[in-house]
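Please read these notes with the model open beside you.

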Amino acid sequence: MLNLRRISEVYEMKVFTDSGEYFGDVEERERQEVKFEVFAEKHLKLLKAEHGKMTYSNEESRFKSVIIPHFRGRLLSEITVEHVERFMLKLAEAGRSPATRNRYSTFLSRLFQRAESYGYATANP
């Protein structure tokens, strides 16, 4: 069973439950500016804790070889729908299958959902 309290302690992040409560001694703060690759590393660590080694390995490979080179250096708050659409078009032009493109899209969507819940992003592009 997933131990949300332990995840919160290990990664020093606020972790929300399904009921809207959270674990973690993370003080409320205004939105902070965080680079995409910094938050994405935290997101990957949480994926490893949530889903296990195999899922983490697959996501890490996608993240490091394709996603990071495209979004590196950008603040989460700067990434727009247009940036994500250009990324998806680049994948299609590289011959990636629709299923593979969907996996990248899902990874980005989950990352931005988490970023919103932590106050690092105001939207999920």
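1. Arg-74 sits in the loop between helix 3 (53-71) and helix 4 (81-93). Helices (H or I, at least four residues) and strands (E, at least two) are DSSP runs, numbered from the N terminus. This is a predicted model: local features need pLDDT of at least 70, side-chain atom pairs count only at pLDDT 80 or more, and totals for chains, interfaces and linings use all residues. Residues are numbered from 1 along each chain as its sequence is written, and side-chain values use heavy atoms, with hydrogens and water left out.

2. Arg-74 is partly exposed, at 29% relative accessible area. The cut-offs are under 20% for buried, over 50% for exposed and partly exposed in between (1.4 Å probe, protein chains only).

3. What does Arg-74 contact, leaving aside its neighbours within four places in sequence? The partners are Val-34, Lys-35, Phe-36, Glu-37, Ile-79 and His-83. Contact means heavy atoms within 4.5 Å. Glu-33 is 41 residues from Arg-74 in sequence, yet their C-alpha atoms are 9.9 Å apart.

4. Now the overall layout. The chain has five helices and two strands. Their order from the N terminus is α-β-β-α-α-α-α. Of the 125 residues, 32% are buried. Among contacts with a separation of 6 or more, 60% join residues 24 or more positions apart.

5. Arg-114 belongs to helix 5 (residues 98-118). Arg-114 is buried, because its relative accessible area is 15%. Apart from neighbours within four places in sequence, Arg-114 contacts Phe-39, His-43, Leu-46, Leu-47 and Glu-50.
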